[in-house]
Amino acid sequence: MGLPQRLVVVGNGMVGQRFVEELLARNDGQWTVTILGAEAVPAYDRVALSSLFDGATLDDLTLGDPVAMQGAGVDLQLNCAVECIDREARQVVTADGRQFAYDHLVIATGSDPFVPPIPGAQAAGCFVYRTVDDLESIRQWSLADEVTAGIVIGGGLLGLEAANALRNLGVQTHVVEMADRLMPQQLDAPGAAMLQRTVEELGVQTHVGFATTCIENDGEQVTGIVDANGATISGQVLVFSAGIRPRDHLGEAAGLELGPRGGIVIDDRCATTDSAVSAIGEVACHNATVHGLVAPGYAMARTLAAELTGSEQPLTLSQTPTKLKLLGVDVGTFGDSTDRNQPADIDHVSFVDPVQGIYRRVSVADGLVTGGVCVGDLTKFDMLASIVGQRLDDITVTVDLGQLVVPDSVAAGSGDFELPDDALLCSCNNVTRADVKSAIARGVHELGPLVACTSAGTGCGGCKPDLQALLKLELDRLGVAADPSLCEHFSFSRQELFDLVRFHRHRTWNDVLATHGSGRGCDICRPAIASILASLANGYVLDGDQGSIQDTNDHSLANMQRNGTYSVVPRVPGGEITPAQLIALGQIAEDFNLYTKITGGQRIDLFGAQLHELPLIWQRVLDAGMESGHAYGKALRTVKSCVGTTWCRYGVQDAVSMAIRVEKRYRGLRSPHKLKSAVSGCTRECAEAQSKDFGLIATETGWNLYVCGNGGRTPRHADLFATDLTDDQAIQYLDRFLMFYIRTAERLQRTAPWFEELDGGLDYLRSVVVDDALGIAAELEADMARHIDSYQCEWEATLNKPDRLAHFVEFVNAPDDHSTPVWITQRDQRVPSPAAVAT
Amino acid sequence: MSLKPWQSVCNVDQLEPDRGVAVLVAGGAKKPLMVALFRLASAGREYAEEWLAVDHVDPIAFAPVMARGLVGSVGSTPVVASPVNKRRYDLRTGLAVDGDLPALRSWPVRIVGSRVEICCSAYALTEDALA
């Protein structure tokens, strides 16, 4: 690497500052940075300027860390306006005559407020709204007693910000806008109307379609404005926010090409017509457009920082979603929000609630989402913004737009209205809301224990949703709101993350972490994301960066035991195994000295394999015609069966064939927790299907389907879900049921507790799976079909590619050395020593 | 005894980002030390790539498994979770994150060209020899 090159940045606004931070994060000593800022203070958050009148200080708004910048060798010159650029000599000259030589120059001078040519605009009391100094001037002026009303000319983004500033100063505020609505660049008419309504409720008077023709004064000071129709508004302070103009005079004087309406022309790498000069932010003109929002400016900052440090990240600025808070009102726009470039017959999916001031609209043209607007409620905004440009009938983005457009507060249903304390909550057991509240106050904060100690919900169960809602309400009130966050790195529930991964079509951990998370992740979120990616048929589970998020067992495709060795479990579908396979397994166990045990799921578990032995053992298992049993994954484990009509005198259906069909259909299916199943050939239920996540019990005419049972620590009898199904019907319901569970359950939540927490219980589950009440049945089946089509035995996939075997080595620098666990012999088999230290 | 303080153990590209490997390092005792070596990926603007090494043997389960644990962060502290009992250890210091529990020893790591080197200080080696 040669000597460091000199980088000079003209302008220390939000974009200039962000650029320097982005550069420092990548700079490897190849640049020394000098910043020339015209203002007296370092970069601050211009977007939040009005908060200075609402308690914030300039320190609160200051961007970046001046000390860290100094530490990184950045030379920040304030009060240092640049006079001209000498491209030939590669230097800039400041107003006070200093010269700064550059190897590369970045122009980030931003923009000037546009003052429309209206007679009287020079009167005292007229201001622009751009800098801290502007705000201070407005404040000083407005302190005078005679200043009681103020006028903002321009009802766009900045105008509303300026109105907020005046309002915070205690001045009766008017906003006038020439167009027929507020924020004409971003909002459609209904959205603007909703915003206008809310803004007026806050005490700001708005006047749209008001073309100011004259600014009146008393000879010195402003007194009001007049429009083309002669209407007048009086005010003693006036702020222009009628748009911005790029501050491109330096570039113009230096002979750089300008855009049709100003702005220094840049390409996708932020280069101007001089390759040694770049421009970013509001001073730049990209694709004939000058962008007046901060997000595109930040995108340019990132692109240029990458460009100058040797990587490429070409600029893409189309459809940057924008979220704003104007006078406390949330406003979001995405895509072509005003339908400007769309055909006339465009479809709108919208939700309007004038009472709460909510308006949400999505546009669809030719089956393609083109853009939309949200006012007053930004729930699910990111999801809406992410489907712009996607085809609605695309199998991977099939969404119910209606569901996305309706705000969460409405979609959640009943709302939070309160019934009196003596109202009955559970009529079966005569439990009042007061009884439940007092239990919650005593510290019972989970649904299960709450049911147990109040008896509410133990009768017909119809009150469970009310019970859950009351619990949530009370917990919120007590400030111990159940936090649905997965862990400290993701503030989403598993269900939300599943939806996000599905909508955004994420394929890598880094993508998910960078887009939705923070930090380095952990042993909770990594496997949870791994499971979600795998459930969405993401290919071999250790490919790409997925290897780094798989739990130990999934990573080694075997189950780690207490002494660090592994167990091996081949799949035995339905528990049916040939004598030859039994002999082969026995031979393998003898050859590798493995402890052998029959499992509860009608399989054979081989214990005591060391990491480096796993590929050798599995090759032998595959050679015997068997495959991975996925015992190491949160996935379908086993489908037990009895012998059914094949042998049994009582059997009424072929349980073994059905069990094999079910097991082979869902093998390898990753889910929130393990899945167990069983098929019984008659009502004697020898396969114990009612203690499984899903089970089938034969009837004379078909199958009874049971769901959400469990053995283990908290046994639960499965519920009878549907009766007398044909084979194919049973499979169809199972496809839907399993995918619905996978989508909506929390991390490590078995089907039984998932069911317990399901609002509406069995009836609701039936309505989703059988009656398709949510309209997602086809989607669920398609997701399952994709899983089935992409299934591969993970051990076969591993052994077929030698590079996938690299991590089955115990010590990378000594492949032939192995640790030696301490074994003892018990009942003729090798087991770990009870108090063993490996050496 | 002439032990080199810095021992070259493997190539940089033998480690997947955010995953560990076990290596054998000559120690003061007769048997080599089992060391778990981790390569933490850079993440966004927050985190740079980091190479860290701790004992490979879990101090509670006494099984040689730490290199096979999942890595992550608690606040800004890089951690590894034991695959046997999920207890988490600060990868920089080896101390347990979840309370007053036995700790792992941590070992300095450096990258020299394309090779990874681990340092076994005399103190640590003595301690190992005495153990």
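This is a predicted model: local features need pLDDT of at least 70, side-chain atom pairs count only at pLDDT 80 or more; totals for chains, interfaces and linings use all residues.
Residues are numbered from 1 along each chain as written, with chains lettered from A. Local features need pLDDT of at least 70 and side-chain atom pairs 80 or more, while totals for chains, interfaces and linings use all residues; side-chain values use heavy atoms, without hydrogens and water.

**Exercise 1.** Describe the interface of chain B and chain A.

*Solution.* 
- Step 1: take the residues in contact (heavy atoms within 4.5 Å). Chain B gives 41 residues and chain A gives 39.
- Step 2: take the buried area, the accessible area (1.4 Å probe) that two parts lose on being put together, summed over both. It is about 3,100 Å², with 52% on carbon and sulfur atoms.
- Step 3: look for salt bridges (a Lys or Arg side-chain nitrogen within 4 Å of a carboxyl oxygen of Asp or Glu). The rule finds four across the interface. One salt bridge joins the side chains of Lys86(B) and Asp551(A), at 3.3 Å from N to O.
- Step 4: sort the residues on the side of chain B that touches chain A. They comprise 25 nonpolar, six polar and ten charged.

**Exercise 2.** Find the cavities and describe the largest one.

*Solution.* 
- Step 1: search for cavities (sets of points on a 1 Å grid over the protein atoms alone where a 1.4 Å probe fits but cannot get out). The whole structure has five of 30 Å³ or more.
- Step 2: take the largest cavity. Its volume is about 170 Å³.
- Step 3: inspect the lining (residues with an atom within 4 Å of a point). Among its 14 residues, Gly539(A), Gly668(A), His787(A), Ser790(A) and Glu794(A) are the closest to the centre.

Definitions and conventions: Ala, Val, Leu, Ile, Met, Phe, Trp, Tyr, Cys and Pro count as nonpolar, Asp, Glu, Lys and Arg as charged, and the others, Gly among them, as polar. On a 1 Å grid over the protein atoms alone, a cavity is a set of points where a 1.4 Å probe fits but cannot get out, and a pocket is an open set with protein on both sides within 12 Å along at least five of seven lines; lining residues have an atom within 4 Å of a point. Grid points are joined across faces, edges and corners, and a volume is the space filled by probe spheres set on the points.
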